[in-house]
Amino acid sequence: MKNMIIKTVSVFLSMTFIVCCLSFVSVAANDTDMKVEVKAKAAVLMDLSTGKLIMAKNENERLFPASVTKIMSLLLIFEAIDSGKIKYEDTVTVSKYASSMGGSEIWLEEGEQMTVDELVKAICVASANDACVAMGEFIAGSNDAFVQMMNERAKELGMNNTVFVNCTGLDDTTDEHQTTAYDIALMSRELMKHKKVTEYSTIWMDSLRNGETLLTNTNKLVRFYDGCTGLKTGTTSKAGCCLSATATRNGTSLVAVVLGCETSEERFEGAKAMLNWGFSNLETVTPEIDENLITDVGVRNGKVNKIKPFVPEIEPILIEKGARDKIEQNVDIPIDVQAPVEKGQIIGKVLFTLNGETVGEYSLCASEQIDRLSFFDAFLRILHAFKNKIS
């Protein structure tokens, strides 16, 4: 009986030790992708061109984003502009609700009118809550409808851990308005596809109302970090100090997201550390496809016997600095395909590898439509071949 108790205790202690070790490994593994120290609850560094995640810390932990929320608001605004739904010179009349926001604001009054251009500037530079709500109402008809649009767009982007309750990031009356560092990187990347946004997000100082209202960018990196292109700060007591910072150097564009920093300095230093590492160690290149490796593909039972495949678009890839010459190209292409063939149909692929790892994959597509050979067409083809043979 005594031996059995000793064995039971030994097994229990062993299992406890294993669980503790596994827990430690789990915690430690959470930061294995971090190449630098970042004092934040969560952090992400992502390549804007490819969407590749470079480093991450608690990237899927749901946290309060504060005014970083406005990245989604701005995305919807720029999409509305680019689609022609609204114009920069359109006049927006401020509602009573928009004028009551508080927090960061440009002190809009009910019935006051400003252009879309002015309100976008106020959002990007001064993080103005009142301007953000006014734009949301102008686009969607109401604040609630605009927030619904934000959540729908988040789902489309794959922001699976995000819930928006408002368009400003104010969180004093809600515990549900949350997102993640990874999701913020996704929407930041999407916003930066609208090149016009940098004309606003890189403004350091400006003014509205004929110089009466001064604007100073809340993102200090705009002035003090080489290559900074934006993007958005955020601060509340629940969220702490947050930042989504974008920058471009020598053709490489990155976004660094930090959430839950204790001080404003920590968010800027954390973002800078990640960006510095990225620019020092990585580069974006557009690979050159060797056309000699792309051969014609036969078409069985087609009105045309062969087809020349092509790559519709060559997207850039992210690699280690100095490794460009080590990239290898492989073409996976069939000898033939069965008709009918649709124009743009994928019939092969081109792979670029670096040290055995795939760093780029591109589809080879049909350059034209090829219909299936009819019975009559087949008969004429046989007849033509027979005539050529006897002649």
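Me: What conventions apply to the numbering and to the side-chain values?

Reply: Residues are numbered from 1 along each chain as its sequence is written, and side-chain values use heavy atoms, with hydrogens and water left out. The model is predicted: local features need pLDDT of at least 70, side-chain atom pairs count only at pLDDT 80 or more, and totals for chains, interfaces and linings use all residues.

Me: How many aromatic pairs are there?

Reply: Rings of Phe, Tyr and Trp (its six-membered ring) pair if their centres lie within 6.5 Å; planes under 30 degrees apart are stacked, over 60 edge-to-face, and the rest tilted. By this rule there are 4 aromatic pairs. In one of them, W204 and F224 have ring centres 6.2 Å apart and planes at 75°, so the pair is edge-to-face. W204 is in the loop between α8 (198-201) and β5 (205-208), while F224 is in helix α9 (residues 221-224), 20 residues apart. Helices (H or I, at least four residues) and strands (E, at least two) are DSSP runs numbered from the N terminus.

Me: Which residues do ring pairs link into a cluster, and what lies over the face of Y88?

Reply: The cluster consists of F78, Y88 and Y200. A charge sits over a ring if NZ of Lys or CZ of Arg is within 6 Å of the ring centre and within 35 degrees of the ring normal. K196 lies over the face of Y88, 5.4 Å from the ring centre. Likewise, K35 lies over W277, at 5.3 Å.

Me: What span should helix α2 have?

Reply: The expected span is 1.5 Å times one less than the number of residues. For the 13 residues of α2 (residues 70-82) that gives 18 Å, and the end C-alpha atoms are 18 Å apart, which agrees. In α2, 11 of the 13 residues are buried, among them F78. G84 follows α2 and has a positive phi, near 90°.

Me: What is the strand order in the open sheet?

Reply: Strands of a sheet pair through backbone hydrogen bonds, either parallel or antiparallel. Here two strands count as paired if DSSP finds at least two bridges between them. The order of the 5 strands is β2-β1-β9-β8-β7, with antiparallel pairing. β2 (53-57) and β7 (228-236) are at the edges with a single partner strand each, so one side of each has no neighbour in the sheet. Strands β1 (residues 42-47) and β9 (residues 252-261) are joined by 6 bridges, and V44 stands opposite V257 in β9.

Me: Where is E368, and what is it in contact with?

Reply: E368 is in the loop between β17 and α11 (375-390). At 34% relative accessibility, E368 is partly exposed. Contact means heavy atoms within 4.5 Å. Leaving aside neighbours within four places in sequence, E368 is in contact with I307, V341, E342 and K343.

How values were computed: Buried means under 20% relative accessible area, exposed over 50%, partly exposed in between (1.4 Å probe, protein chains only).
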